[in-house]
Every structure is written in C-alpha cells, then in structure tokens.
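Please have the sequence and the model side by side while reading.

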Amino acid sequence: MTPEANFEKLGLSLPPAPKPLGVYKPLLLDGKYCYVSGHGTVQQDGSLIIGRIGQDFTPEEGKLAARQVGLAILATLKENLGSLNRVKRVIKVLGMVNCVSSFERHPFIINGCSELFAQVWGEENGIGVRSAVGMGSLPDNIPVEIEALFELH
C-alpha cells in the first residue's frame, strides 16, 4: 500500500499546515532530502495544545500530543509536496518534550509521532534515527516540538 492509502486507512485527519511564526521556512527541499522545521501541536481548528508533561499532562496525553505534531508535519509535507507518496523514507526525527525536570520518559512521548510515521510509511521506511530530549520550556508552552528529515523518491 502507498503512504497515502496507509494514512487513509488510519482514519485520522490532518490539521491545517502551520504557517511560520518567525523567520524560517516550514520545509526545505535539497536534492532528494526534505528538511522539515520544528512543528508544534496544531489541532484541527488551528489552535495549539498547551501545557507541560508531568504538570498539565500525563505521559499518555503527551504521547497523543506528539502524534498531533506528527499530523502537523504530515500536513506540511502534503501541502508542499502534493502527496505523502513522494516521501521514500524517514531519516531522522528530533523530538523535544516540554516537561518538569523530574520527567524521564522522553522517548515514550516521542513514540506518538514515530509510531504514526511507521504506520504511514511502514516499519522499513517509516522508522529512522531519532533523538528525544527534555526541555525546560518550548514556544507558547506547547508540550512537544518535533523536526524531521525525509528522503524523497
């Protein structure tokens, strides 16, 4: 199945592709590589999920927030590339978690995005290298920010 068909099978919907809130591009193409800037927790209505893991959200809620960031990344890919089918594979994901200092389950949170990508591109092409780190704060107090690098066909 194609990435587009895999996504449709999930029954999820994409939020609006976020617009830059600063001086940067949401996506940059360089040959066969597609660099995606850090994305936040954009919801269907364009609003952001706001709060901190370990204070405002449980780890399970944080994982869902990371999946929402993954959906925002998919929205940016689709808007700029025309189709998720143009993406051959996920190369790298950098996940940042806005959490209390005692929180230690950053990889669990970022799995929300990584599992989504694995469902869209399959385990062979949807799982790349990854870092998951904790932050003292993130822009607008969002719980998760993720950037990614993809290889194109």
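A residue is called buried when its relative accessible area is under 20%, exposed when that area is over 50%, and partly exposed in between. By this rule R89, with a relative accessible area of 36%, is partly exposed. The model shown here is a predicted one, and the values below are computed from it.

**Salt bridges**

Side chains of opposite charge can pair when their charged atoms come close.

| Pair | N to O distance |
|---|---|
| K78 and E4 | 2.6 Å |
| K88 and E151 | 3.7 Å |
| R89 and E151 | 2.5 Å |

The salt bridge between K78 and E4 has its closest N and O atoms 2.6 Å apart. Because K78 belongs to helix α2 (residues 59-81) and E4 to helix α1 (residues 3-10), this pair ties together parts that are 74 residues apart in sequence. K78 is partly exposed, its relative accessible area being 31%, whereas E4, with a value of 17%, is buried.

K88 counts as partly exposed at 36% relative accessibility, while E151 counts as buried at 6%. The side chain of E151 also meets that of R89 in a salt bridge, a pair that again connects strand β5 with strand β3, here across 62 residues. Through salt bridges that share partners, K32, K88, R89 and E151 are joined into one network.

**Strand β3 and its neighbour**

Which strand runs parallel to β3 and is joined to it by seven bridges? The partner is strand β4 (residues 129-135), and within this pairing V93 has R130 of β4 as its bridge partner. Between the two strands the chain passes from β3 through helix α3 (residues 106-126) to β4, and this β-α-β crossover is right-handed.

Methods: Residues numbered from 1 in each chain as written. Predicted model: local features only at pLDDT ≥ 70, side-chain atom pairs only at ≥ 80, totals over all residues. Heavy atoms only, no water. Salt bridge = Lys/Arg side-chain N within 4 Å of Asp/Glu carboxyl O. Helix = DSSP H or I, 4+ residues; strand = E, 2+ residues; numbered from the N terminus. Buried < 20%, exposed > 50% of the residue type's maximum accessible area, 1.4 Å probe, protein only. Pairing = 2+ DSSP bridges. Right-handed = clockwise from strand over helix to strand, strands pointing away.
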